[in-house]
Amino acid sequence: MRSKNKHTPESRILYFIDYLKESGTVRFKEEIYAKTGILRQYCNSVANGDKRFTTTHIQSLCSNYPVNANWIFGTSKKMLLANNEPEGHSTTKIIEKISR
């Protein structure tokens, strides 16, 4: 599930949600949805290009997980805050992955 433009805040947030599940930080995406108040259906609409994440969604995600808001908006190369970025998850690799 990706929005059409690969370098939007929406595509980065969708990637981050996938990253949290794939990295084992959460077992199910529903945990993220419950913790942030973002509905799964809303994420599906964002992925289809019908909706966009709101500032409330972004604030909730950043408050609950160590994601760098500047990365979401494309002004930083660090996806995670502080030293939380695991080996092999540089922004260059992430951008390459979401650009496919």
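## An all-helix chain and its nonpolar core

Of the 24 residues in the largest nonpolar core, F16, F53 and L61 touch the most other members. Such a core is a set of buried Ala, Val, Leu, Ile, Met, Phe, Trp, Tyr and Cys residues joined through side-chain atoms within 4.5 Å. At least two residues of this core come from each of helix 1, helix 2 (29–36), helix 3 (40–47), helix 4 and helix 5. Helix 1 gives the most, with 7 residues. In soluble globular proteins, nonpolar side chains tend to be buried together.

This is a predicted model, in which local features need pLDDT of at least 70 and side-chain atom pairs count only at pLDDT 80 or more, while totals for chains, interfaces and linings use all residues. Residues are numbered from 1 along each chain as its sequence is written, and side-chain values use heavy atoms, with hydrogens and water left out.

The protein chain has 6 helices and 0 strands, and its elements run α-α-α-α-α-α from the N terminus on. Helices (H or I, at least four residues) and strands (E, at least two) are DSSP runs, numbered from the N terminus. Of the 100 residues in the chain, 41% are buried; buried means under 20% relative accessible area, exposed over 50%, and partly exposed in between (1.4 Å probe, protein chains only). Among contacts with a separation of 6 or more, 49% are between residues 24 or more positions apart, where contact means heavy atoms within 4.5 Å.

L61, one of the core residues named above, touches I13, F16, I32, T36, V67 and I72, not counting residues up to four places away in sequence.

Helix 1 (residues 9–22) has 14 residues and reaches 20 Å from its first C-alpha to its last, close to the 20 Å expected at 1.5 Å a residue. That expected span is 1.5 Å times one less than the number of residues. Because 12 of the 14 residues of helix 1 are buried, this helix is largely enclosed by the rest of the structure. Y19 belongs to helix 1 and is buried at 6% relative accessibility. After helix 1 comes G24, with a positive phi near 85 degrees.

The chain has 3 salt bridges, each a side-chain nitrogen of Lys or Arg within 4 Å of a carboxyl oxygen of Asp or Glu.

| Salt bridge | Closest N and O atoms |
|---|---|
| R52 with E10 | 3.5 Å |
| K29 with D18 | 2.7 Å |
| E30 with R40 | 3.7 Å |

R52 lies in the loop between helix 3 and helix 4 and E10 in helix 1, so this pair ties together parts that are 42 residues apart in sequence. R52 is exposed at 57% relative accessibility, whereas E10 is buried at 7% relative accessible area. K29 in helix 2 and D18 in helix 1 are 11 residues apart, and D18 is buried with a relative accessible area of 14%. E30 in helix 2 and R40 in helix 3 are 10 residues apart. E30 is partly exposed at 39% relative accessible area, and R40 is partly exposed at 44%.

N68 sits in the loop between helix 4 (55–64) and helix 5 (69–72) and is buried, with a relative accessible area of 10%. Not counting residues up to four places away in sequence, N68 touches S76, K78, M79, L80 and L81.
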